[in-house]
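Have the sequence and the 3D view open as you read.

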Amino acid sequence: MNINEYQVTNRQLIGLMIIAYMFSFMVRMIWVFQFQDNPAFYWNNELMINTNDGYFWASSAQKVLYSMHMHNHQIPNMWANAIISFSVLFAKITPFSLETIMLYLPAVISSLVVIPMMLIARLYKQTLWGFFAALLGAIAWSYYNRTMVGYYDTDMFAAMAPMFILYFLIKSTLDFDLKSALYAGLAIAIYPFLYESGQPVIYAMGIIYALYMIFYHRNEQMTYLSLVLVFFSMIPLKFEPPYNFLAVLIVLIGLYSVLKQTEIQQKKLMIISSILFILFMYFGNVFGMIFHQIMKYVSTGTATEGLHFYSVIQTVREAGKIPFDTFANRISGSQIGLVLSLVGYIVLVLRHRAFILALPLIGIGMFALWGGLRFTVYAVPVAAMSAVYLFCTLGESFKDKKLKYLLVGFATAAMLYPNIQHIIEYRVPTVLNTAEVEDLQKLNALADSKDYTLSWWDYGYPIWYYSETSTLIDGGKHNNDNFIISKIMQTTSPELAANLSRLAVETYVDSNYSIVADTLFKNGEKDQIDPNVLLSELEDENYILPKKTRDIYLYLPFRMLNIFPTVSVFGNLNLMTGEKEKNIVFYPTTVKENKNGMITFRNGIVFNSTNGEIILGNKSEKVRNFIMTNNAENGEIKLKSQLYHMDGTYAIVYMQSYGKFIVMDTDIFNSTYVQMFILGKYDKNLFELVVASPYSRIYKLKR
C-alpha cells in the first residue's frame, strides 16, 4: 500500500473498514461455532438468544409482525426503539426468521463501531491508527459481552452511536464547517431512538462540546452557529415516536438552511444559543436525569418513605460495585492494558485537544467502579484508540517505517490476546433451553392472551414471548410488586398464595396497571393500611375475592432454585418496619465427600445421615426430614421420606434426578416453591397442574 505516515487512500480506507468489520463479526461467530451442535439451545431451527431483555424487544416485534400480545399493555409499538423497527423491517424484506434476526443483529450493528473510530483517526491523517484501534475496540471485553451474537438488546447501539457523534463533534472543531455540526446534531437527535437510557451521556457530550468551543473559539461566529444546532438537537419534543425524532430532524435541517443563508450578528447568535441551552436544560431535565441515574445505581436497602419495600437494584449483578481488576479487564482486557489506555489518552489530549470531547465516555466508564460493570462499555472504543495512539506515538521514534508498523501491530496484538482469550472462554448459555421453551409453548396452547403468568421478574420477558401471557413483574418493572410475587413463592399458606395471586392480578387490571402493592396497601397515603393485616386475612379460604376476569398461572422453573434466596429477600419483610421477618436458610449444593454416612457438601455443610444432624459453621443442628425426590416420565415426582427429629428445624431434600441437595429451614420447606415445584405437592382445590417437566411446573389457579 502507498502509506504516508499511517495514512491511506480512500479506496484503501474502505477496504480496511471492511476488514475491521469482518474481523469484529467473525470473532463474534466464535460463540455460534461453540454451541451450534447443541440441540438444547435451538428453537424454530435457530440458536436462541442469551439475554433475557431481548425477549422484550422480540415480543414487540411479534406484536407488529403477527398481531400477538394485544392484551399486554407494556409492549411498545415498533417506533418506540430502533431495535424493534430494524427487526420488523428485516423480517419483512429479508428471508430470515425473527429468531435469526434476533440472534445476529447485535453483531451486525455493533461491528459498525469500526467506522467512526477509523474516521476519527483519518481526521488526523492517521488511518492506520484507527484501523488497529478498531480491531481492538470492536471486540474488547465489555463491548463484546454486551454486543455478542445473541445479545439482542439496545446495547448494540450504546457505544457505537456515541462514537459517530464524537466523530462529527471533533470534525466540526477541525474544519469549522457548519455541515459537520449539522451531522452531529442529527446523530444526537436520533440517539434516543437507538438507546434512550444513554441520553445523559449524550447530554454530557453536548455540554462538554459547548464549553470546549466557547473556551477555545469564543470569538468565532461558527462556534455559536454550531451550538444553535447542537443545543436544539438535545431538546426533547413531546410527540409520540417516531414523530418526535422526525420533527427534530426536519427542524434541524431547516435551521441549518436558515443559518447557512442568513447573516446573523454574533451577539444575537450568542443569545439564541443561550436560550436554546436553557430550554435544553429545562425540558431535558438534565440534572434530574443524571441524579436519578446515579441514585438508581448507588441506592441500597429498603425504601424509607411509606412502607419499607426492598430495593431491587442491589440484587442485579451488573449494578453492583466492581473491583479494579474487573474494571480494567472489561475496558482494556488487562490492568496493564488499562494503564496504557489512560497514558495514551493523556498523550492524545495533549496532542489533539479536541479529544477532551471524549471525557463523558471516559467518565461514565469510570463510574462503573461504583455503578456497576454495565457502564464500562462506553469507555471501550476511546480506550482502544488511546492505547493504539500511544503505540503509534512510540513508533515515531523509529526511522524505519516497517519498524513503526511492526511495533503498532505487535502491541495491538498483545492487547487483543487477553480479549480474544476471554471471548473463547465466555461460553454464556441461551436464556432458556429447548425443553423449557416447550413447556411455555404448552402454556401458550392452553392460555388466552389476556391471561397472566406469575413468576419472578427474570422470566417475565421469555414468558411473554413464548407463552403470549402477561406478567406482574418483568425485567423492566423493578418495583414494589416484587414483594407480591416473592410472598406468593415463599408463603407456607396455599390459601394466601391463591388469594393473593387473584387479588393482585385483578387489582392490577382494574386499577389501569398501577403498582399492585402500593394500591392494595395504600402505600404512602394517609389511610395506609397494615400489610400484615391484609396478608393475614388472605390466608382465610373464605376471603371474598374480586370477580374472575382471566386465568392465572404460576410458573415455577427449576432455574429459580439457585436464586430462590434472593427471591425470598423481597417478601421476607415486615413492610411496616423494613426488618426481615425471619432468617431464611436455603442452600442448594452437591456432594463433595461421603464417608460412613458423613456427607460433606461443597458449600461446607456436613450432614450426619446416621443421627440426622447437620453442622452449620460451628453449630450442630437437628434435621427434621430427609426427602429424596425422583422425576417420573409422566411428570409426577416420586418421594421417599425419612423422619429424624420431630423438633428438628431443618430439612434436607435430595433431588436425585438433578444430583442436587438442598439444605433448608422447615418454614421454607413448606413454601409454595418448594412444595409445588420440588416436591410436586399442592392443594388440588386451589390449583391444577397443567404443565410438568423436569425443567418447570406450571399450575393454573382454580379461584
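Let's begin at Arg-351, which counts as partly exposed at 41% relative accessibility. (Buried means under 20% relative accessible area, exposed means over 50%, and partly exposed is in between, using a 1.4 Å probe and protein chains only.) Before going further, keep in mind that this is a predicted model, where local features need pLDDT of at least 70 and side-chain atom pairs count only at pLDDT 80 or more, while totals for chains, interfaces and linings use all residues. Residues are numbered from 1 along each chain as its sequence is written, and side-chain values use heavy atoms, with hydrogens and water left out.

**Salt bridges**

Side chains of opposite charge can pair when their charged atoms come close. The structure holds 11 salt bridges, each being a side-chain nitrogen of Lys or Arg within 4 Å of a carboxyl oxygen of Asp or Glu. Here are some of them:

| Pair | Closest N and O atoms |
|---|---|
| Glu-396 and Arg-351 | 3.2 Å |
| Arg-502 and Glu-506 | 2.8 Å |
| Asp-647 and Lys-622 | 3.2 Å |

Take the pair of Glu-396 and Arg-351. Glu-396 sits in the loop between H20 and helix H21 (401-425) while Arg-351 belongs to helix H17 (residues 335-351), so the pair ties together parts that are 45 residues apart in sequence. (Helices, H or I with at least four residues, and strands, E with at least two, are DSSP runs numbered from the N terminus.) Glu-396 is partly exposed too, with a relative accessible area of 35%.

Now for Arg-502 and Glu-506: are they buried or exposed? Both are buried. They are 4 residues apart in helix H25 (residues 494-510), which means about one helical turn separates them.

Asp-647 forms a salt bridge with Lys-622. This pair links distant parts of the chain, with Asp-647 in the loop between strand E13 (637-643) and E14, and Lys-622 in strand E12, 25 residues away. Lys-622 is partly exposed, its relative accessible area being 35%.

**A strand with cover on both faces**

Why is strand E14 (residues 650-655) described as largely enclosed by the rest of the structure? Because 6 of its 6 residues are buried. Tyr-650, Ile-652 and Tyr-654 are on one side, with Ala-651, Val-653 and Met-655 on the other.

Strands of a sheet pair through backbone hydrogen bonds, either parallel or antiparallel. Two strands count as paired if DSSP finds at least two bridges between them. E14 shows both kinds: strand E12 (residues 619-631) runs parallel to E14, joined by 6 bridges, and strand E15 (residues 660-665) pairs with E14 in the antiparallel sense, also over 6 bridges. Phe-626 stands opposite Ile-652, while Tyr-650 has Asp-665 in E15 as its bridge partner. E14 and E15 make a hairpin with 4 residues between them, and Gly-659 in the turn has a positive phi of about 70°.

**An enclosed helix**

Helix H5 (residues 114-123) has 8 of its 10 residues buried, so it too is largely enclosed. Among the buried ones are Val-114, Met-118 and Arg-122. Their cover includes helix H1 (10-35), helix H6 (127-139), H9 and helix H20 (380-395). Just after H5, Lys-125 takes a positive phi of about 60°.

Most residues other than glycine have a negative phi, and most peptide bonds are trans. Phe-176 has a phi near 50°, a positive value, and lies in the loop between helix H9 (160-175) and helix H10 (178-194). Lys-522 also has a positive phi of about 50°; look for it in the loop between helix H26 (516-521) and helix H27 (531-537). What kind of peptide bond joins Pro-241 and Pro-242? A cis one, with omega at about 5°. Pro-242 is in the loop between helix H12 (221-233) and helix H13 (243-261).

Methods
Contact = heavy atoms within 4.5 Å.
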